[in-house]
Amino acid sequence: MQSAMPPVLSAITTALEDTGLREQCGSCGEAVDLADLRQVWAQIPDPRDRRGRRHPLVVMFALVQAALVSGAMSYAAIRHWIARAPQEVLEQLGARYDRRTGRFQAPHPDTVCRTIAQVNAAQVDAAYAAHRAAQIPELYDDPDELIPMTVDGKTQRGTATTGHAAQHRLGVQLATDAIVIAQIDVGSKSNEIKAFQPLLDQISCLKNVVISADRLHTQRAHARYLHRREAFYVFPVGGNQPGLFDQLDALAWKDVPIEWATYDRGHGRIEIRTIQVLPAPAGTRFPHVKQVFLIERHVYDLAGKPLSSVAVLGVTSLPATLAGPRRLAELARGEWSIENKDHYVRDVTLGEDRCRVRTAATPSILTTMRSYAIAALRLLNHTNIAEGTRWARDDFQNPLIALGLTI
């Protein structure tokens, strides 16, 4: 008797079918026909009864997304942006035209908030993921180039209430720029393992993608899944894989030369990182391993006094011909640096942890849209997202430019 499908996998599978994107997943040869965000939002089923719909769901999503690009941190700020949107912006976003007044009408902000709360969050995630995944070839010109991505979870602390834990999301982003490709709800940190494959199923093509993650995701099933999708992995090894850890820890690392090192000085400290690499020993207890490595990180104060030392063992399915010591060190470091590149911006610049919106699907949907707003600004070369949101606030046309919604 087959076991029941995990709830998170069932939700994503249903969402992919409902948005009409199911047939694209898992095939590198099929293009996703989602040229811009209007097509993304058009894929999301409208939960309202057809009778009495005065404003399209696409327009509501466009208004909220533009407000988030402008740095709106709360529903109050989103309402304020919508209420102040000028006529030319409403026209470009496809707002309803009232012949009696000769003006374009924005939906009432309360209607927008109420409607967004009713939308299925998994369907929103699937639509945004298909759109962003379809853009990856534009970001990487060489089809044989390795594409580093990081799988990472984040708790939405603002959603916690008395008696209810905060919601948790799992996402995958480009490691270099922290541009989020896909996200899903996972309930809690402990559910991330089951969500790993459904998350990556949202990306149509994983060929030449290199997935890094924390030790929780160093799982044999994950390694086999990535191999089937023609992707690679770079995983740290810890206590959740005791046999593999003992096998790697027993290797004669003291006899292996350090093949790459970095020296960083700043923020009142000195940080030195080193990596040692070996071909995977015969009988390595993990699927598709080609190389194993040891990374050490030593931190000193400016006077040279030791502050901390960390050693990390790891495995990768990348052969030495594709990734030598320097490249492996860079790929492993991508997972460690995502806290500053993504979490800090979402929590501090866009106030995600301070947001107290808890109604139905709204927290998850806003998280997906915040991530898209950050990516849109980064793709316009705004390396400082706070400056990017200030630029977007200078003119109501600017967030539309960032989102590619100008006529």
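Is Arg169 buried or exposed? Arg169 is buried, with a relative accessible area of 1%, where buried means under 20% relative accessible area, exposed over 50%, and partly exposed in between (1.4 Å probe, protein chains only). This is a predicted model, in which local features need pLDDT of at least 70 and side-chain atom pairs count only at pLDDT 80 or more, while totals for chains, interfaces and linings use all residues. Residues are numbered from 1 along each chain as its sequence is written, and side-chain values use heavy atoms, with hydrogens and water left out.

**The chain overall**

- The protein chain has 15 helices and 11 strands; these are DSSP runs numbered from the N terminus, with helices being H or I of at least four residues and strands E of at least two.
- Of its 407 residues, 52% count as buried.
- Among contacts between residues at least 6 apart in sequence, 64% join residues at least 24 apart, a contact being heavy atoms within 4.5 Å.

**Salt bridges**

- The count comes to 16 salt bridges, each defined as a side-chain nitrogen of Lys or Arg within 4 Å of a carboxyl oxygen of Asp or Glu.
- Back to Arg169: its side chain meets that of Asp185 in a salt bridge, at 3.1 Å from N to O. This pair links distant parts of the chain, with Asp185 in strand S5 (residues 179–185) and Arg169 in strand S4 (residues 167–174), 16 residues apart.
- Asp185 counts as partly exposed, at 29% relative accessibility, whereas Arg169 is buried.
- Asp46 forms a salt bridge with Arg48, and their closest N and O atoms are 2.7 Å apart. Arg48 is buried, at a relative accessible area of 17%.
- In another pair, Glu330 and Arg327 form a salt bridge with their closest N and O atoms 3.5 Å apart. The two are separated by about one helical turn because they lie three residues apart in helix H12 (residues 325–349).
- Glu330 counts as partly exposed at 38% relative accessibility, and Arg327 is partly exposed with a relative accessible area of 27%.
- Salt bridges that share partners also join Asp264, Arg269, Glu271, Arg273, Arg297 and Arg333 into one network.

**Helix H3 against helix H13**

- The axes of H3 (residues 57–69) and H13 (residues 362–379) come within 9 Å and cross at roughly 60°. Axes here are lines fitted to C-alpha atoms, for helices over the stretch in contact, and angles run from 0 to 180 degrees between N-to-C directions.
- H3 is therefore oblique to H13: angles under 35 degrees count as roughly parallel, over 145 as roughly antiparallel, 65 to 115 as roughly perpendicular and the rest as oblique.
- The crossing of H3 and H13 is right-handed, meaning that the near helix is turned clockwise from the far one by less than a right angle.
- On the H3 side, Phe61, Val64, Gln65, Leu68 and Val69 meet Ile365, Leu366, Met369, Arg370, Tyr372, Ala373 and Leu377 in H13.
- By class, the residues of this contact divide into 10 nonpolar, one polar and one charged. Nonpolar covers Ala, Val, Leu, Ile, Met, Phe, Trp, Tyr, Cys and Pro, charged covers Asp, Glu, Lys and Arg, and the others, Gly among them, are polar.

**Helix H9 beside helix H10**

- The axes of H9 (residues 192–201) and H10 (residues 220–228) come within 10 Å and cross at roughly 10°, which means that H9 is roughly parallel to H10.
- Ile193, Phe196, Gln197, Leu200 and Asp201 of H9 make the contact with Ala221, His222, Tyr225, Leu226 and Arg228 of H10.
- The contact of H9 with H10 has six nonpolar, two polar and two charged residues.
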